[in-house]
Amino acid sequence: MSQKYDITMKSIFSDMADDIMGYFLGLQYTKIDELNIEFTRVERRDSDMIFKCTTDKGNVAVHIEFQSENDGKMPYRMLRYSLEIMEKHNLIPYQIVIYIGKDNVNMKNSLSYDFGEQNTLDYRYKIINVGEIKYTDVIETDYYDLYSLLPLMDKNRRKEEGEKYLERCVEAIKDIPLDINKKKDIAFKAEILSGIVYKREVIEKVFSEVVKMFRIEESETYKMIIEKGIEKGIEKGIEKGEKEKSIKIAKKLLEEGMDIDKIAKITELAKEEIKKLIN
């Protein structure tokens, strides 16, 4: 993996462990402990993520590697890691390579030979190509940490929609029903990973809008809306006599820089009416 992403990979994906194992592996576990293994005899590097999981079938070591580039030597590395895990921890390794690169996957996921009954090898591991995962499949789940990977998903749709697809991903992150700090963290990771497939100027343009939105959500006016339950009340229909209050809120939100469409959604005022407030 290129040095730029190798340095930050563990910190980027560390919070995704549960969602990765739940969504990508469908693994049901009752306990998880991180194993900080340095493969000194293997690659003189840290593996991306290794977890000891207690499942209904016993203890396993889930080993997850991330690749932003194709590596023809990957099967040899993974086999050496597998042997190291078994030797040090006496655990069966469940191994997966998550490919987040721009190009098509052309790495093998196996090593095998057969030179007689007592000279055989049949070794395999799983490769997940994030680019083949559909955008709609992920946003219909509550695996919110995986939203950081949305810009790398749905390769065909991404190529077809271009910048619009990245905007769609950002909108999905903005709408996550989590607190503002968690959404900021997910958006920050998504912005970093976007650099694998998007140009810097596109990323800066699209993510500047989400940063602006987060600033608005942190504003006192927005907090007042949430605290008083106005947003929930609006979803059910603004009661009679509340229009004046809605206009007042709309004016404040305009001053804060919120776009008209968002204000219209919050206040249920007509866009034309909101535009008049600008003057």
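**Entry 1: a loop residue to start with**

I began at Asp-154, which sits in the loop between helix 4 (135-139) and helix 5 (155-161). The model I am reading is a predicted one. Is Asp-154 buried or exposed? I looked up its relative accessibility and found 6%, so Asp-154 counts as buried, the cut-off being under 20%. I jotted down the background here: most residues other than glycine have a negative phi.

**Entry 2: another positive phi**

Next I turned to Asn-90, where phi is near 55°, again a positive value in a residue that is not glycine. I placed Asn-90 in the loop between helix 3 (74-89) and strand 6 (92-99). Its relative accessible area is 69%, so I logged Asn-90 as exposed, that class being over 50%. Side by side in my notes, then: Asp-154 is buried, whereas Asn-90 is exposed.

**Entry 3: the chain as a whole**

I stepped back for an overview. How many helices and strands does the chain have? I noted 13 helices and nine strands. The chain has 279 residues, and 44% of them are buried. I also checked contacts with a separation of 6 or more, and 61% of these come from residues 24 or more positions apart.

**Entry 4: helix 6 against helix 7**

I then went to a helix pair. As a reminder to myself, two packed helices are described by the angle between their axes and the distance between the axes. For helix 6 (residues 163-174) and helix 7, I have an angle of about 160° and axes 9 Å apart. Angles over 145 degrees count as roughly antiparallel, so that is how I describe helix 6 and helix 7. Their crossing is right-handed.

Which residues meet here? From helix 6 I listed Leu-166, Ile-173 and Lys-174, and from helix 7 Lys-183, Ile-186, Ala-187, Ala-190 and Ser-194. I sorted the residues of this contact into five nonpolar, one polar and two charged.

**Entry 5: Lys-183, a lysine in that contact**

I stayed with Lys-183, which belongs to helix 7 (residues 180-194). Its relative accessibility is 5%, so Lys-183 counts as buried. Where does its side chain go? I followed the side chain of Lys-183 to the backbone oxygen of Lys-174, which it reaches at 2.9 Å. Both lysines are on my list for the contact of helix 6 with helix 7.

**Entry 6: Glu-163 in helix 6**

Still in helix 6, I looked up Glu-163. At 25% relative accessibility, Glu-163 counts as partly exposed. Leaving aside neighbours within four places in sequence, I found Glu-163 in contact with Tyr-198, Val-202, Lys-205 and Val-206. With Lys-205 there is a polar contact, side chain to side chain, at 3.0 Å. I also noted the C-alpha atoms of Glu-163 and Ile-203: they are 8.6 Å apart, though the two residues are separated by 40 residues along the chain.

**Entry 7: Glu-65 in a strand**

For a look at a strand, I picked Glu-65 in strand 5 (residues 58-67). Its relative accessible area is 0%, so Glu-65 is buried. What does its side chain pair with? I found a polar contact of 2.9 Å between the side chains of Glu-65 and His-63.

**Entry 8: helix 13 and its partners**

I finished with helix 13 (residues 271-278), taking helix 11 (residues 243-256) as the partner. The angle is about 60°, and the axes are 10 Å apart. Helix 11 and helix 13 are therefore oblique to each other. Helix 11 passes helix 13 in a right-handed crossing. In this contact I listed Lys-243, Ile-247, Ala-250, Lys-251 and Leu-254 of helix 11, with Glu-273, Ile-274, Leu-277 and Ile-278 of helix 13. My tally for the contact of helix 11 with helix 13 is six nonpolar, no polar and three charged.

Helix 12 (residues 260-267) also packs on helix 13, at about 115° and with axes 9 Å apart. This crossing is right-handed. Helix 12 brings Ile-260, Asp-261, Ile-263, Ala-264 and Thr-267, while helix 13 brings Lys-271, Ile-274, Lys-275 and Ile-278. I counted five nonpolar, one polar and three charged residues in the contact of helix 12 with helix 13.

Conventions. Residues numbered from 1 in each chain as written. Predicted model: local features only at pLDDT ≥ 70, side-chain atom pairs only at ≥ 80, totals over all residues. Heavy atoms only, no water. Axes fitted to C-alpha atoms, helices over the stretch in contact; angles between N-to-C directions. Helix = DSSP H or I, 4+ residues; strand = E, 2+ residues; numbered from the N terminus. Parallel < 35°, antiparallel > 145°, perpendicular 65-115°, else oblique. Left-handed = near helix turned anticlockwise from the far one by under 90°. Contact = heavy atoms within 4.5 Å. Nonpolar A, V, L, I, M, F, W, Y, C, P; charged D, E, K, R; others polar. Buried < 20%, exposed > 50% of the residue type's maximum accessible area, 1.4 Å probe, protein only. Polar contact = N/O pair within 3.5 Å; in protein donor to acceptor, adjacent residues only side chain to side chain.
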